[in-house]
Amino acid sequence: MTTSAANPATTAPGIPGIQQRVAKVAAVAAEHLSRTDREAVFPVEALDEMRDTGLLALLVPVRYGGLGGGLRDLIDAGIALGRVDMSVAMIFVMHCQQVAAVVRYGGRPLCSELLPEIAAGRGYLASVTTEAGKGGHLLSAESALTRGEGQLFIDRFAPIVTGGEHADGFLITMQSPDALSPNQMSLVYGRRDQLTLRRSGDWQPLGMRASHSVALHLTGQVPEHQLVGKHGDFRTIAGTVFVPLAHLGWSACWLGTAAGALSRVLKLLRSPEYRNKANLDSELLLSRISQARRRLDVVRAMLEHTHRMVCETEDLSPPRVQLMLNALKITAADECYTAVDSLVETVGMRHGYLKDSPTRLEQALRDLRSAALNYSNDRLHLADGRLALLDQEVRFA
Amino acid sequence: MDARFTTMLVRFLKFLGDRPITPDSPLHELGLDSMQAIELLFAIEDMFGVTLSDEELHDATFATAGSLWNAVAALLTAGGVDADQVDAA
């Protein structure tokens, strides 16, 4: 079995121009990142570049006008953008996660309407999965979708919607019509002009400031063909697309952010003005650089292994497979943050702690602090403990 | 399905309400979360004296009451116990 369970559009790497498109977006992100971070505003210029370069359609099949990319391309783009700006990288991979869900589970009318729009640069998708009071649980929803006369009626509040004010459309999880319980969920697409959006609250976080993740109340009605997958079957979409793409995509962004930080530190240490002042023979310095590099190599190895596992595994539900997917997320979150934290110690106050240092460690550290919280590592450890009990032979995926 | 099996399942299905458990009853939708899967396995082991292998612990096994019972019944049959006899017990 070589077809990706998470993305049927997996293709050979190296689609012409993808790297160049990513590089263009990264260049625009670099130009604006200090302002978007300082003012906690969405990186509209980088988003515009994603629209103009066609990168928004990375995972849209070629027959719909997209680039026809696969997981390999998504991971590489996440790392490359993460090296520059973690907010931009996360915005991009989360959009791709939504696109992958539509490609795999959207009906033909929805795909025919939406995917060419994304390919034309007019379809930036945000995800509406959070809900007040459910503590980040992906697989339950209190707000119920209702239906009548071929329409689905949406009335949904979400405390965190990354890019919500700039998205052209939303994939929204809600309790299914006639659900037996909050666990029976549907995923529905809502175009911005089909919905009334009310924003509440302010966005002033520690890091990830350019991700502009606001609270939104969405109301409106959409035709029934905008249902993604079957009513009550969001669990399948989560298990086959949302979770694997989230863990792979996020880890790629975090690895990129930490790799960018390490790279900038190494360039600083080797620069003519610095190398004469610093003692590059310092055993403490060398050990700390070694540790930071080792942490990133571990994450890279896990990312590659998990990517291969997802591509080659038909059923991602067995405990050993889930454990690997979760281990990647937990390890990438912890190790990338720890690597950058140790780099702050390594270079000290001037280049480790101040905003204007070319190392940009200060921002990388703040941004990476979100990694363990972005679907909480604590929650994943609880799940993993139980999953481990279900795999008493300890077989590895 | 064995009556003891369906009775045991009830306490894991917090959204079951007054509905009867049928082979098509969807376990996750009725409230079985992955956190409880281990407790459910222990309950099956204690009641029927069979252990589901690691290989059987995937979503398809836990999809419905019927799919889970089929996995248990197969072990009972393999162990020389007639699942119908259990049913009648």
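Let's start with one residue pair: A:Gln175 stands opposite A:Met185, which belongs to S5(A). Keep in mind that this is a predicted model.

S4 of chain A, residues 169-175, runs antiparallel to S5(A), and seven bridges join them. S5(A) has another partner. That is S8 of chain A, residues 227-228, also antiparallel, with two bridges. Here A:Leu187 is the residue opposite A:Val228 of S8(A).

Is S5(A) mostly covered or mostly open? Mostly covered. The strand spans residues 185-191, and six of its seven residues are buried.

Now the interface. On chain A, 22 residues are in contact with 17 residues of chain B. Interface size is often quoted as the accessible area lost when the parts come together. Between chain A and chain B, that buried area is about 1800 Å². Carbon and sulfur atoms give 57% of it.

Next, the charges. Four salt bridges cross this interface. One of them links the side chains of A:Arg395 and B:Glu55, at 3.6 Å from N to O. Polar contacts between the two chains come to six residue pairs.

Which helices of chain A give two or more residues to this side? H9, residues 319-353, and H11, residues 377-389. H11(A) gives the most, with five residues. By type, the chain A side divides into eight nonpolar, eight charged and six polar residues.

Definitions and conventions: Residues numbered from 1 in each chain as written. Chains lettered and ligands numbered in written order. Predicted model: local features only at pLDDT ≥ 70, side-chain atom pairs only at ≥ 80, totals over all residues. Heavy atoms only, no water. Buried < 20%, exposed > 50% of the residue type's maximum accessible area, 1.4 Å probe, protein only. Helix = DSSP H or I, 4+ residues; strand = E, 2+ residues; numbered from the N terminus. Pairing = 2+ DSSP bridges. Contact = heavy atoms within 4.5 Å. Buried area = accessible area lost by both parts, 1.4 Å probe. Polar contact = N/O pair within 3.5 Å; in protein donor to acceptor, adjacent residues only side chain to side chain. Nonpolar A, V, L, I, M, F, W, Y, C, P; charged D, E, K, R; others polar.
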